[in-house]
Amino acid sequence: MEQNPNTTQRQPQVKIDKATASNHIALTPLQQRLSQRAKALLNHPQGMGNYFTFKSAIDILGLSWDAVVPGGVYNITGPGYFDMGYMANHIGPPKSALDAFIGASRHEKLVVYPPDCLPELKHLVADHKFGRKLGADFEVMGVEGAQGGIGYTYLSFLDPGDEVIVTDPGYFHFVPAAEICGAHIVPIELNQSNGYRLSPSEVESAITPRTKMIVVCDPINPFGTVQTKEELLAIAEIARKHNIIVFNNITHNTHRTNPKAVQIPMASLHTPASPMDHVISVSGMSKGYGMPALRVGFMAGHPDLIRGAFLTKMEITKIHINYPGQYAAMAAMQDEEYVKRSTEIIRRNLAHLEQTIASTPGVTMPIRPDYGFCTMIDVSGTGVTAQEITVGLLNHKVAVIPGDGLGQVKCADYIRLNYSHPDIACFEQFRTALPKAISEAKEGRYAAAVDAFFAKAGTERGRIIRDRIAPRLKTIAQKT
């Protein structure tokens, strides 16, 4: 059995709250040399390796890493397995993008450092992704995927003590990436009362004199919901009034799952009466166009703000996004037939998934997604944790990710699903695997192993999940 590369990094931070000290493992002598930024991640509940994923289940099940994730890739590619976990677009890139990539992979293109963005690509991104023209008040910068845009935004705008408003649940890295900058997170729970969207009234209530940024992920990862135009304008006005930056991540806005839904980039709402000069916009090519390996993304906003991010980027990586990838991005964004065809696949998959959930006792979908290809299911009605079901699903060759990496809210109840796989066999397999995984979890087959994972991770969020498992562990022990 191969070593899980994530488990080697599960160590605690330096300063430990006395109430949870018993849950933590001391730093090694070498780790004492780490910066406070790195130390803050060692025992962070959303630090890589501290939250549960299908990769955690590989060791629990005694599987070979080469059989499940050959080559060390992030998502599952092993034969016979289906990946519904990581947010890779499994449909893959359009042929037009592959042709453009190959065509640009020539001697003269590869022997020079590429420009930040090709001029024609900048104009296309501004128009096509952000709905706004380049000009004296709007600029586009190339970054290493939307993930790079998150990092540069935080590094460019956040100082120790600043507060950042984010959703809970939310994308994995919105929280820890801000906290390593010294910022404090102010979460807003997504639930039925706010329609699983950011409510302007809740945003305003969360603002303090220290609020520096509001993260508006739209479509919202992990629910796939979208903000209304009125909500976006209200949030922008609130931020403008309080001199706050809005970080608008629109990565999942290519595929319209709900034909009646409309997703609006905040940058496109710019008018003299309602300027969006305080909005930083980010998007990428991974989700909409199936090209995560290219690491091509875009960050946009007022040139005065983008200039600061550009300088930050140059002192960290210095090199711009790759030439062939830029040409592939241009081809993909102009391939309307690809978007139409891939959207049809995603809608088909969602319909199949909804039927599976409706026929599985104890499982619900809190809200139907409007855009993208991710959704949440709530397994609280099964009486077992999402983490145990995750192990059971991988036992039946389906990979998913439970909710503890996405936030505190329902961390033991939610499972995030990626429904982009082009092969309907993926969803047939999930339909068969889900009840089996629940049954195995109810037997207590995975309870001790999940408990041991979180005992080793040593996070307070893990303690919540362990507390959920503890009564059943006691019952299992009594029976044996």
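These are my notebook entries on one predicted protein model.

**Ground rules**

I number residues from 1 along each chain as its sequence is written.

**Entry 1: the whole chain**

I looked up the helices and strands, and the protein chain has 18 helices and 12 strands. Both are DSSP runs numbered from the N terminus: helices are H or I with at least four residues, strands are E with at least two. Next I checked the radius of gyration (taken over C-alpha atoms) against the globule rule, 2.2 Å times the number of residues to the power 0.38. The radius is 22 Å, close to the 23 Å that the rule gives for 480 residues, so the chain is as compact as a globular protein of that length. The C-alpha atoms fill a box of roughly 70 × 50 × 45 Å along the principal axes.

I also looked up burial, and 58% of the 480 residues count as buried. Buried means under 20% relative accessible area with a 1.4 Å probe, protein chains only.

**Entry 2: strand E7**

How many residues of E7 are buried? I found six of the six in residues 279-284, so this strand is largely enclosed by the rest of the structure. Val279, Ser281 and Ser283 point one way, while Ile280, Val282 and Gly284 point the other.

Then I looked for neighbours; two strands pair if DSSP finds at least two bridges between them. E7 pairs with E6 (residues 245-249) in the parallel sense over four bridges, and Ile280 is the bridge partner of Phe247. Four bridges also join E7 to E8 (residues 297-301), running antiparallel. There, Ser281 stands opposite Ala300.

**Entry 3: the largest pocket**

A pocket is an open set of points on a 1 Å grid over the protein atoms alone, where a 1.4 Å probe fits, with protein on both sides within 12 Å along at least five of seven lines. Volume is the space filled by probe spheres set on the points, joined across faces, edges and corners. I get about 1,200 Å³ for the largest pocket. Of its 46 lining residues, the closest to the centre are Met48, Tyr74, Gln147, Tyr171 and His173. Lining residues have an atom within 4 Å of a point.

Which helix gives the largest share of the lining? I found H7, with seven residues.

Technical notes. Predicted model: local features only at pLDDT ≥ 70, side-chain atom pairs only at ≥ 80, totals over all residues. Heavy atoms only, no water. Buried < 20%, exposed > 50% of the residue type's maximum accessible area, 1.4 Å probe, protein only.
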